[in-house]
Amino acid sequence: MSLFGRLLEGEPDELVGFEESLFEIEDPDFVTTSGKARHAIVKFNGRNDSRVSGTALDVSEAELAITDDYEPAGYKRVSTMLASGKQAWVYASS
């Protein structure tokens with residue numbers, strides 16, 4: 001709500017070829033705003049048997065640009081194919 005001004009809609013799906021990890025944020029302003037220095041992130045490993053469950057959210061191009069500006073250094077937006085066969089963007093470790 002605070003970032004987009006609306007509740008996002010989405011469907012359960014899975015990232016294929018990714019694994020969960022933690023990332024240490026170095027931006028002190030981001031850490032202050034979020035309340036923590038260690039944040040969840042996904043990392044590409046290329047293994048078909050490696051999956052990360054989550055929700056594929058429906059966002060507009062304008063909202064995607066807002067998200068690009070929001071994400072701290074170390075997060076990179078990459079295109080991927082979800083388990084459902086849908087193409088999606090994901091913010092992964094760079």
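This is a predicted model: local features need pLDDT of at least 70, side-chain atom pairs count only at pLDDT 80 or more; totals for chains, interfaces and linings use all residues.
Begin by selecting Leu15, Phe18, Val42, Val52, Leu82, Ala88, Val90 and Ala92, the 8 residues that make up the largest nonpolar core. Strand 6, which runs over residues 87–93, gives this core its largest share, with 3 residues.

Now move to helix 2, residues 61–70, and colour Glu63, Leu64 and Thr67, which are buried. If you look down the axis of helix 2, these buried residues fall within an arc of 100°, so they line one face of the helix. Strand 5 and strand 6 are among the elements that cover the buried residues of helix 2, whereas the face turned away from the buried side carries Glu61, Ala62 and Asp69, which are exposed.

Finally, turn to the largest pocket, which has a volume of about 1,100 Å³. To find its centre, select Thr55, Leu57, Trp89, Val90 and Tyr91, which lie nearest to that point among the 35 lining residues. Strand 4 (51–57) is one of the elements that each supply at least two residues of the lining, and the largest share, 6 residues, comes from strand 4. Coloured by class, the lining of this pocket shows 19 nonpolar, 8 polar and 8 charged residues.

Conventions
Residues are numbered from 1 along each chain as its sequence is written. Side-chain values use heavy atoms; hydrogens and water are left out. A nonpolar core is a set of buried Ala, Val, Leu, Ile, Met, Phe, Trp, Tyr and Cys residues joined through side-chain atoms within 4.5 Å. Buried means under 20% relative accessible area, exposed over 50%, partly exposed in between (1.4 Å probe, protein chains only). Helices (H or I, at least four residues) and strands (E, at least two) are DSSP runs, numbered from the N terminus. On a 1 Å grid over the protein atoms alone, a cavity is a set of points where a 1.4 Å probe fits but cannot get out, and a pocket is an open set with protein on both sides within 12 Å along at least five of seven lines; lining residues have an atom within 4 Å of a point. Grid points are joined across faces, edges and corners, and a volume is the space filled by probe spheres set on the points. Ala, Val, Leu, Ile, Met, Phe, Trp, Tyr, Cys and Pro count as nonpolar, Asp, Glu, Lys and Arg as charged, and the others, Gly among them, as polar. The arc is that of the directions from the helix axis to the C-beta atoms. Contact means heavy atoms within 4.5 Å.
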